[in-house]
Amino acid sequence: MTTDTHPALGAAPTPLTLDRLVELTAATAAEVRAGLHEIRFDAENRWSVRLSGDAYADVWLITWTRDQSTALHDHAGSLGALTVVSGTLTEHYWSSGLRDRSIAGGCGAVFPLGHVHDVVNRSAEPAVSVHAYSPPLTAMSYYRLDGDRLRRTHSILTHDPEPAVVTLDEVPTRGSAPAPFPGEGRR
Ligand SMILES: [Fe+2]
């Protein structure tokens, strides 16, 4: 796996490298395979739990049932990596155009600064993945395709890579109950 950061993207504000994050997610994925962490699946909302966190990195366990996906997003000022524990995930990522790659169990991907992607489980088989972010995630921006261009739609402050994002379509109308705070009531 190539984990070099494009020089134009500059250095990330963390002593950890993409290679170190790959090691971290691979080691944690081995723990998950060994049954050391509880796994749940939720077909309504992707299930996730933070397994560890310190000043330098957060490690999350995320499960995916069929067709569960994120939206196109970045990780603000954080580097990231993922290792698929089981199942197969498809990553749609931006690289002068939207490209796809399939990530099977035991394999992974890295997210250098500026990496924009959407991850989805296209298989009937549930998938499990381990993700690490360094520095720990503090914000994410979301994007949409506008023809052959990428447009940022909004940004949120979040420590959770699976926030219950309130989109414009979900903004409550006058008189309706207020939307929950992102992350509220997820677990
Ligand atoms: Fe992501």
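Which residue stands opposite Y93 in strand 5? The residue opposite Y93 in strand 5 is R99, and the views below set this pair among the other elements of a predicted model.

In this predicted model, local features need pLDDT of at least 70 and side-chain atom pairs count only at pLDDT 80 or more, whereas totals for chains, interfaces and linings use all residues. Residues are numbered from 1 along each chain as its sequence is written.

**View 1. Overall course of the protein chain.**
The secondary structure of the protein chain comes to one helix and ten strands, where helices (H or I, at least four residues) and strands (E, at least two) are DSSP runs numbered from the N terminus. Read from the N terminus, the order of elements is α-β-β-β-β-β-β-β-β-β-β. Of the 187 residues in the protein chain, 28% are buried; a residue is buried if 20 or more other C-beta atoms lie within 10 Å of its own, exposed if 12 or fewer, and partly exposed in between, with C-beta atoms placed from the backbone. Among contacts with a separation of 6 or more, 67% join residues 24 or more positions apart, a contact being two residues whose C-beta atoms, placed from the backbone, lie within 7 Å.

Five strands form an open sheet in the order 1-2-8-3-6, with antiparallel pairing; two strands pair if DSSP finds at least two bridges between them. Strand 1 and strand 6 are the edge strands, each pairing on one side only. From one strand to the next the twist averages 20°, with axes taken as lines fitted to C-alpha atoms, for helices over the stretch in contact, and angles running from 0 to 180 degrees between N-to-C directions. Strand 3 and strand 8 pair in the antiparallel sense over seven bridges, and the bridge partner of S86 in strand 8 is V128. Helix 1 packs on the sheet, touching strand 1, strand 2, strand 3, strand 6 and strand 8, and its direction makes about 25° with that of strand 3.

**View 2. Strand 2 and its two neighbours.**
Strand 2 is mostly covered, with seven of its seven residues buried. D58, W60, I62 and W64 lie on one side and V59, L61 and T63 on the other, and both faces are covered. Strand 1 (residues 48-53) pairs with strand 2 in the antiparallel sense over five bridges, and these two strands form a hairpin with four residues between them. Within strand 2, I62 is the bridge partner of S48. Strand 2 also pairs with strand 8 in the antiparallel sense, over seven bridges, and there the bridge partner of L61 is V130.

**View 3. Helix 1 and its buried face.**
Helix 1 has 16 residues and reaches 22 Å from its first C-alpha to its last, close to the 22 Å expected at 1.5 Å a residue; the expected span is 1.5 Å times one less than the number of residues. L18, L21, L24, T25, T28 and A29 are buried in helix 1. Seen down the axis of helix 1, its buried residues fall within an arc of 130°, so they line one face of the helix, the arc being that of the directions from the helix axis to the C-beta atoms. These buried residues pack against strand 1, strand 2, strand 3, strand 6 and strand 8. Just after helix 1, G35 takes a positive phi of about 80°.

**View 4. The largest nonpolar core.**
The largest nonpolar core has 27 residues, of which L21, A57, V59, A81, V110, V130 and A132 touch the most other members. At least two residues of this core come from each of helix 1 (18-33), strand 2 (58-64), strand 3 (79-86), strand 6 (108-111) and strand 8 (127-134). Such a core is a set of buried Ala, Val, Leu, Ile, Met, Phe, Trp, Tyr and Cys residues joined through C-beta atoms within 7 Å.

An open sheet of three strands has the order 5-4-7, with antiparallel pairing. Strand 5 and strand 7 (117-120) are its edge strands, each pairing on one side only. Strand 4 (residues 88-94) and strand 5 pair over seven bridges, and T90 stands opposite S102 in strand 5. In the hairpin of these two strands, which has three residues between them, S96 takes a positive phi near 55°. Strand 5 (residues 98-104) lies largely in the open, because the number buried among its seven residues is zero.
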